[in-house]
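Hi,

I am passing a structure on to you, with some notes on its aromatic contacts. Please have a look at it first, and then read on.

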Amino acid sequence: MALRAVWLIRHEPGTPLGGTVKFSRRYPTVEKRAKVLNGVNYVPVPEDGPFLKALLFQLRLLDDDKDFVESRDSCSHINKTSIYGLSVGGEDLWPVIAFLRNDMIYASVPLVEQALSPRPPLISISGVSQGLELLLGVHDFLYSSQKNDTDLHSRLSQLPDLLLQACPLGTLLDANLQNSLNSLNLVSVTQPQKQPAWKVGTYKGKAQISISITENVKSMQYGKQDIADTWQVVGTVACKCDLEGVMPNVTISLNLPTNGSPLQDIIVHPCVTSLDSAILTSSSIDTVDDSAFSGPYKFPFTPPLESFNLCHYTSQVPVPPILGSYHMKEDGAQLKITVNLKLHESVRNNFEICEAHIPFYNRGPITHLEYKVSFGQLEVFREKSLLVWIIGQKFPKSMEISLSGTLTFRVRGHNRQPFDHICIGSTAYVKLNFRIADYTLTGCYADQHSVQVFASGKPKISAHRKLISSDYYIWNSKASAPVTYASLLP
């Protein structure tokens, strides 16, 4: 007799999704029991997005849902109860308890402690009555003395703590949530909430949450058939949560578009309270296929006062954002170079900064330069033996640009040896520096509307993202030996 999950969904006609998940709670221990008890007929509880879409469709609450659907609307499927089967991901999740009252949908999935095929009679599933009892108790709690949206928001913020008392580990103990509230209030009077040792104080002021996603793209491009190019994306999600209270609770969801690259090697901050096992087991060592977990990635946590990195991740994107080639050839006292760059068509062509650095550190100051550039402008730092190709904010419509030139350097003395072996032969390189605002290579973004906050006051939520280059090298393809990161170390 237990519940696998509980949802509260606000029905919002006229909005793109038709509704918003105001509260959700899953019970992983009950889910493991369901997997064992239901065997081959086991269907996992979906994430909030797919569940919301399937439920609104089944309840006929979608704005564009006007067509007759045989599996739902035929006379043989007249529903006289609040029990439904939801088609999610090609599988049928049953039983789902759901009903609509006061523009709020109450839903839960009870545990069926027997085989699901054929479907057992509802009267034999004790979790159905428990689920209905809990949902009715939640409705009574929300609307017993609620007068406006502020009161409703305040009561919704109390649900996580109340369900810990009323339904621990998915087992219903008391459907009257007011009893649980009175119990919590009594404890708070006799035993105030303890300040955790890692939190040095509490915040007082305007509630606000800031989320920043930064992706660093690294690349080593050799331009040779016998040496594979490498590239990788490393992402960081930074947060700053200004929320009143000793232990506010926040849940942030990271989402990917349909063609987004799955996040891997995810490392989370110690303040994260729980995590889906699929998030932890996604590794860059494994081969990426269609079965790879692609979100949403949910992170429930109790934030510290200061800014912190909620998580780090890597991702194997299909191609680097900028493809390039570099040819350097010595011709007597002169040096001839050719650089070609191409922006991939899938990348946003709107840079805050984009430039290519071409160093010649071991050849002395530049005394003469003849060059031709198809786009942008070239700056010459003669004493530093450095060329900086400033590309600007956009690539041309062709997405391809080129630079060619001939350089002459001041000859060093015969006794003067090069101070290192960089920028000679196989270690000659072009380094790209670029930054794109409001864009990530994986497509990862934080949906401001899906952020769940259980604290006093409604916070202002802002989300930002950016892509920057880091260790983005294009090596001299005319050289015979490859270069590695280790070879750059002293």
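Below is what turned up around the rings.

A few conventions first: this is a predicted model, where local features need pLDDT of at least 70, side-chain atom pairs count only at pLDDT 80 or more, and totals for chains, interfaces and linings use all residues. Residues are numbered from 1 along each chain as its sequence is written, and side-chain values use heavy atoms, with hydrogens and water left out.

The structure holds 11 aromatic pairs (rings of Phe, Tyr and Trp, the last by its six-membered ring, with centres within 6.5 Å; planes under 30 degrees apart are stacked, over 60 edge-to-face, the rest tilted). One of them joins Phe351 and Phe395, and because their planes meet at 40°, with 5.9 Å between the centres, this pair is tilted. Phe351 sits in the loop between strand 13 (334–343) and strand 14 (353–359), Phe395 in the loop between strand 17 (386–390) and strand 18 (400–409), so to speak 44 residues apart (strands are DSSP runs of E, at least two residues, numbered from the N terminus). Phe351 is buried at 2% relative accessibility, and Phe395 is buried at 4% (buried means under 20% relative accessible area, with a 1.4 Å probe and protein chains only).

Ring pairs also link Phe351 and Phe395 with Phe434 and Tyr472 into a cluster.

Tyr473 and Trp475 make a stacked pair, 5.4 Å between centres and 20° between planes. Tyr473 is buried at 11%, as is Trp475 at 2%.

Finally, Arg155 lies over the face of Phe141, 4.5 Å from the ring centre (CZ of Arg within 6 Å of the centre and within 35 degrees of the ring normal).

Best wishes

Conventions:
Helices (H or I, at least four residues) and strands (E, at least two) are DSSP runs, numbered from the N terminus. Buried means under 20% relative accessible area, exposed over 50%, partly exposed in between (1.4 Å probe, protein chains only).
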